[in-house]
Amino acid sequence: MALLDTKDVSINFGGLWAVKDVDFSIGTDEIVGLIGPNGSGKTTFLNIISGLYRATNGAVTLRGEDITSLRPFEIFQRGIARTYQSSRLCWDLSVADNILMGLYTKHKVGFADIIFRPKKADNEIYEFLQECMDMLSYFNPSLFKLRYDLTKNIPHIDRRRIEICRALVGHPTVLLLDEPTAGLNDEETMQMMMDIHKIKRKIKDICIIIIEHDMKVMERVPERIVVFNAGRKIAEGIYGDIVKDHDVINAYLGGAAV
Ligand SMILES: Nc1ncnc2c1ncn2[C@@H]1O[C@H](COP(=O)(O)OP(=O)(O)O)[C@@H](O)[C@H]1O
Ligand SMILES: [Mg+2]
């Protein structure tokens, strides 16, 4: 059984089908790339999986459980975490605080504990902080030194890493990456590709869906590629086949890739 499945997933915005009848599945330990022209529905598809948008039709299942109507935090609690195409970090908070947010649904201590059992609350925060710092050092030991700096003062690639750390601290089983190399130069893009491979080494069995325009990344990172055009899935396969597919060339790659 696939870990995550979508069946006939569609969403309509005022008459426009932004995503239409998409069947998709991903198994444990897999990396799948998602490509397609701007406006083809890639981000919207991730928004449906992560619960930000409710599908008009169709179903999303995680380990056989229908999660189509769950709210984003419920989906996150079940192990689907994500990053965003444009940064969703709080720039006036420290690096550590931004990553700590990724654990907000994991809190066991409540309001009463904070008043009557402050030690218990302290221990939990300490544990969480430790977890965040381990994750940060794993991606970039020098970023660890900047853990109490304001996020707005951190270089762009490291802000991308902070977002990935925030998604990973809760130990998800599915990670959704929306254009993680957007705004990075070639050298940084290479580093980000290595980081994505590091995720696989750090979190056993995690599966990753990655939206990406850079075909170098698509060649080297995912095992399989899914292509969207005008809200529909038009092709699916390994990189070598996708770049030769006529529908994909017409819709997205143009003459350059062949
Ligand atoms: N909340 C929304 N309201 C109306 N239209 C939307 C909304 N979100 C996305 N769309 C539309 O859905 C289409 C797909 O957008 P998107 O998923 O962001 O494309 P991609 O990520 O492939 O570039 C676009 O036409 C976009 O304008
Ligand atoms: Mg997008």
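Predicted model: local features only at pLDDT ≥ 70, side-chain atom pairs only at ≥ 80, totals over all residues.
1. Helix 7. Of its 13 residues, 12 are buried, so helix 7 is largely enclosed by the rest of the structure.

2. Length of helix 7. The helix covers residues 156–168, and at 1.5 Å a residue it should span 18 Å. The C-alpha atoms at its ends are 19 Å apart, which agrees.

3. Domains. The protein is divided into domain 1, made of residues 1–79 and 172–258, and domain 2, made of residues 89–171. Taken over C-alpha atoms, the centres of domain 1 and domain 2 are separated by 27 Å. In domain 1, 23 residues are in contact with 15 residues of domain 2.

4. Area between the domains. Domain 1 and domain 2 bury about 1,800 Å² between them, and 66% of this lies on carbon and sulfur atoms. On the side of domain 1, Phe76, Pro172 and Lys202 supply 30% of the area buried against domain 2, more than any other three residues. The count of salt bridges between domain 1 and domain 2 is one.

5. Ser10. This residue is placed in strand 1 (residues 4–13). With a relative accessibility of 0%, Ser10 counts as buried. Apart from neighbours within four places in sequence, Ser10 is in contact with Trp17, Val19, Lys20, Asp21, Ala55, Thr56 and Asn57.

6. Salt bridges. The structure holds 17 of them. In one, Asp195 is paired with Arg161, and the closest N and O atoms are 2.6 Å apart. In another, the side chains of Glu65 and Arg78 meet at 3.0 Å, N to O. Glu65 lies in strand 5 (residues 65–66) and Arg78 in the loop between helix 2 (72–77) and strand 6, so this pair ties together parts that are 13 residues apart in sequence. Glu65 is partly exposed at 34% relative accessibility, as is Arg78 at 30%.

7. Two further pairs. Asp214 and Lys216 form a salt bridge at 3.4 Å, N to O. Asp214 counts as buried, at 18% relative accessibility, whereas Lys216 is partly exposed, at 33%. The side chains of Glu236 and Lys233 also meet in a salt bridge, at 2.6 Å, N to O. Glu236 is partly exposed with a relative accessible area of 37%, and Lys233 counts as partly exposed at 29%. Through salt bridges that share partners, Glu30, Arg224, Lys233 and Glu236 are joined into one network.

Technical notes
Residues numbered from 1 in each chain as written. Chains lettered and ligands numbered in written order. Heavy atoms only, no water. Helix = DSSP H or I, 4+ residues; strand = E, 2+ residues; numbered from the N terminus. Expected span 1.5 Å × (residues − 1). Buried < 20%, exposed > 50% of the residue type's maximum accessible area, 1.4 Å probe, protein only. Contact = heavy atoms within 4.5 Å. Domains from an automatic or database assignment. Buried area = accessible area lost by both parts, 1.4 Å probe. Salt bridge = Lys/Arg side-chain N within 4 Å of Asp/Glu carboxyl O.
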